[in-house]
Amino acid sequence: MIVKQIYTQCLAQGAYFMASQAEAVIIDPLREFQPYLDLAASNNAKIKYILLTHFHADFVSGHVDLAKKTGATIVLGPNAQADYDFYSAKEGDTFSIGNLKLQILHTPGHTMESSCYLLFDEEGKEQALFTGDTLFIGDVGRPDLAVKSHLTTADLAGHLYDSLHNKIMSLPDDITIYPAHGAGSACGKNMSSETSDTLGNQKKTNYALNSSLTRDEFIKEVSSGLALPPVYFPLNVAMNKTVNKSFEDVLEQGTKPLSVDEFKRLRKQEDVLVLDTRSNSAFAKAHIPKSWFIGLNGQFAPWVGTLIPNIKQKLIILADSGKEKEVVTRLARVGYDNTLGYLEGGIEAWQNSGKSIENIEEMNAQLFVDKLGAGEINNALDVRKDAEFKTSHIEEINHIPLSQIHQKINNLNADETYHIHCAGGYRSLIFASIAKAKGIQEVVNISGGYGAIKKSQLKNLKLT
């Protein structure tokens with residue numbers, strides 16, 4: 001028996017590969033299908049089933065492409081409707097993979113088609129539960145994403161309570177819980193950085209599995225404190241229900257090298273956005289005017305989905321040499337399929353051709369604190385999330401979460417200078433780049449962010 005978790009840190013997402021007796025199954029695959037084909041080949045196995053725990057909102061799954069490549073059957077849970085061929089599973093259906101069996105448990109709540117898959121080993125013993133977004137380590141799936149006119153958040157939370165208590169909590173304590181996401185995902189609010197655990201330990205440590213919670217208390221608890229979901233979530237759900245452009249075609253188009261002249265011509269089009277994915281320091285030092293920074297080394301794909309509202313946006317990219325394919329892959333994971341190519345030779349080619357560049361000033365935390373305390377800085381901005389800001393912040397500082405930049409940008413004055421910080425310097429540079437592209441020319445990024453601010457000598461400043 002082979003059970004492998006394939007965890008993708010930038011999306012905080014777990015896909016799963018299982019194999020036995022030359023047969024294999026994939027659960028919740030990402031868009032790029034080749035790693036799964038390679039896994040199957042290395043284990044001398046043929047992929048028989050592709051199981052989706054639900055229609056994911058935070059990434060586009062590769063199940064359709066993978067099924068075309070392998071002939072595997074796509075399996076969806078009860079209530080699921082899609083534009084491609086699939087097997088509509090019923091409660092209790094069992095799928096054989098060699099000497100292993102997977103049984104579907106319909107667990108509505110996060111969505112109405114949400115299902116878990118219970119793994120039985122060669123001896124017929126329950127070994128693991130693949131829970132999708134129904135049960136995380138330390139949390140459960142948020143119940144507000146699948147709200148319909150006839151189905152409220154409270155309704156979904158009630159279904160989730162029933163699913164947990166009637167289907168999952170009665171299973172053996174020693175089974176392993178394998179969720180679809182971990183810390184950093186927007187699909188929950190309190191996920192652990194651990195990516196698996198025993199059910200017994202989750203009963204002790206997961207607030208949502210507290211047996212003393214009444215149904216009404218549970219509904220109130222899991223429905224509160226939820227941040228607004230990223231705008232791309234419903235768009236990805238829709239893509240997961242239909243047949244999309246093949247990943248191979250997306251990759252071929254997106255990794256087309258563009259000369260400086262080609263790049264310049266496309267950049268002038270109103271419907272094309274220049275996306276710079278290099279490091280913080282490289283972008284701050286030199287970038288193409290009006291380009292947006294979303295660095296590949298951070299939570300790249302989720303921030304792309306949050307900040308670029310049009311999922312069909314045409315993109316041309318700047319990337320570190322050799323990273324072009326990775327950039328296009330990560331964009332495709334969240335449904336941004338219209339990358340037109342990348343600047344061949346990068347920023348150096350742009351500069352060497354005599355084209356103009358800009359920079360963003362960076363300031364260390366101690367100098368920022370000193371100047372702010374002395375009254376020399378008038379427009380300091382904290383762009384962290386609401387929860388981070390409420391936990392601790394500089395007293396009386398202005399707060400605009402990065403996710404709200406498009407709604408709040410008109411509140412900024414183009415004649416003023418803004419000193420911007422987040423937790424570590426990544427999100428604040430994103431904010432600064434978008435603000436500058438939209439006409440706020442004087443922006444300063446605080447290196448090290450709030451983490452460095454807390455370690456500085458505060459003098460006249462207070463943290464609250």
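1. The structure holds 19 salt bridges. Keep in mind that this is a predicted model.

2. K69 is partly exposed, at 45% relative accessible area. E248 is also partly exposed, at 41%.

3. K436 and E358 form another salt bridge, 3.9 Å from N to O. It too joins distant parts of the chain, 78 residues apart. K436 belongs to helix α16, while E358 lies in the loop between α12 (346-352) and β18 (361-364). K436 counts as buried because its relative accessibility is 11%, under the 20% cut-off. E358 is partly exposed at 26%.

4. K371 and E376 meet in a salt bridge at 3.2 Å, N to O. K371 is partly exposed, at 27% relative accessibility. E376 counts as exposed, at 52%. Elsewhere, K323, E326 and R330 are linked in a salt-bridge network.

5. Helix α16 (residues 426-437) also packs against helix α10 (residues 300-307): their axes come within 13 Å and cross at roughly 35°. The crossing is right-handed. From α10, F300, W303 and L307 meet Y426, R427, I430 and I434 of α16. By class, this contact has six nonpolar residues, one charged and no polar.

6. Helix α3 (residues 153-168) has 16 residues and reaches 21 Å from first to last C-alpha, close to the 22 Å expected. Its buried residues include L156, L160, L164 and I168. Their cover includes β9 (115-120), β10 (126-132), α4 (199-205) and α5 (215-223).

Conventions: Residues numbered from 1 in each chain as written. Predicted model: local features only at pLDDT ≥ 70, side-chain atom pairs only at ≥ 80, totals over all residues. Heavy atoms only, no water. Axes fitted to C-alpha atoms, helices over the stretch in contact; angles between N-to-C directions. Helix = DSSP H or I, 4+ residues; strand = E, 2+ residues; numbered from the N terminus. Left-handed = near helix turned anticlockwise from the far one by under 90°. Contact = heavy atoms within 4.5 Å. Nonpolar A, V, L, I, M, F, W, Y, C, P; charged D, E, K, R; others polar. Expected span 1.5 Å × (residues − 1). Buried < 20%, exposed > 50% of the residue type's maximum accessible area, 1.4 Å probe, protein only. Salt bridge = Lys/Arg side-chain N within 4 Å of Asp/Glu carboxyl O.
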